Amino acid sequence: LYNFYLQPKMSSDWRYDFGTSDVRIHNIFNISPSSDGANTLTVRNFNGLVVDKMMEMHGMGPGPAHTTFIPNAYDITIGGFSAAQYSDELDGNSGNSLAVAGDWVNFGNFVHNNNSVVLGSSNTARVMGPTTFYDFDISNSTAKEVDFSTTTTSIITVNNTFTVTGNSGDEIKLYSTSSGNKWHFLPQGTA
């Protein structure tokens, strides 16, 4: 698949199950339900999922529509992640990891379920929106920059392990998105 847009107009709760084998989406995976009521779209993955560019979750409509994505213990690899509102939920279901090659923009609800999120490509990445990670790993064998949001509502919490791994001469650099301003990081476990 090149792009996959899941954009149902819902009048009741709806569920979409996919993936009897590994699924690869080469560009964008967009989940944008609309609803006149407070209906929920639940998307469940039953095998490996790779999204080369961006996974977007944006419930729309006067309802608004709510979106929940459940990986069901399968690994997810995505180029970037964006959730527009608190009612959009990415469930880090038990037993899987989430590998992100680009930006992490979370204004939805990420449920870590004691699993890891890895920012692991050489691309510069932004981390924005309030997120509580269980294990948060920034690693790459070449130089990498990660820019963290400076807004006071974008507190990044790590409940277990925060790991940054680079190489001599190829450092991982952590910056704020606004030069001279602090980013908000709340480690709860080990770093």
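**Exercise 1.** How many helices and how many strands are there in the protein chain?

*Solution.* The model is predicted: local features need pLDDT of at least 70, side-chain atom pairs count only at pLDDT 80 or more, and totals for chains, interfaces and linings use all residues. Residues are numbered from 1 along each chain as its sequence is written, and side-chain values use heavy atoms, with hydrogens and water left out. Helices (H or I, at least four residues) and strands (E, at least two) are DSSP runs, numbered from the N terminus. The protein chain has zero helices and 23 strands.

**Exercise 2.** Find the strand that pairs with E7, and state the sense of the pairing.

*Solution.* Two strands pair if DSSP finds at least two bridges between them. Strand E7 (residues 40–45) pairs with E10 in the parallel sense, over five bridges. Leu41 has Thr67 in E10 as its bridge partner. Strand E10 spans residues 66–70, and four of its five residues are buried (under 20% relative accessible area, with exposed over 50% and partly exposed in between; 1.4 Å probe, protein chains only).

**Exercise 3.** Describe the surroundings of Lys144.

*Solution.* Start with the strand: Lys144 lies in E20, residues 144–148. Next, take the charge. Lys and Arg count as positive, Asp and Glu as negative, while His and the chain ends are not counted. Lys144 is buried but has no salt bridge (a side-chain nitrogen of Lys or Arg within 4 Å of a carboxyl oxygen of Asp or Glu). The nearest side chain of opposite charge, Asp103, is 8.0 Å away. Finally, list contacts (heavy atoms within 4.5 Å): not counting residues up to four places away in sequence, Lys144 touches residues including Leu119, Ile138 and Glu171.
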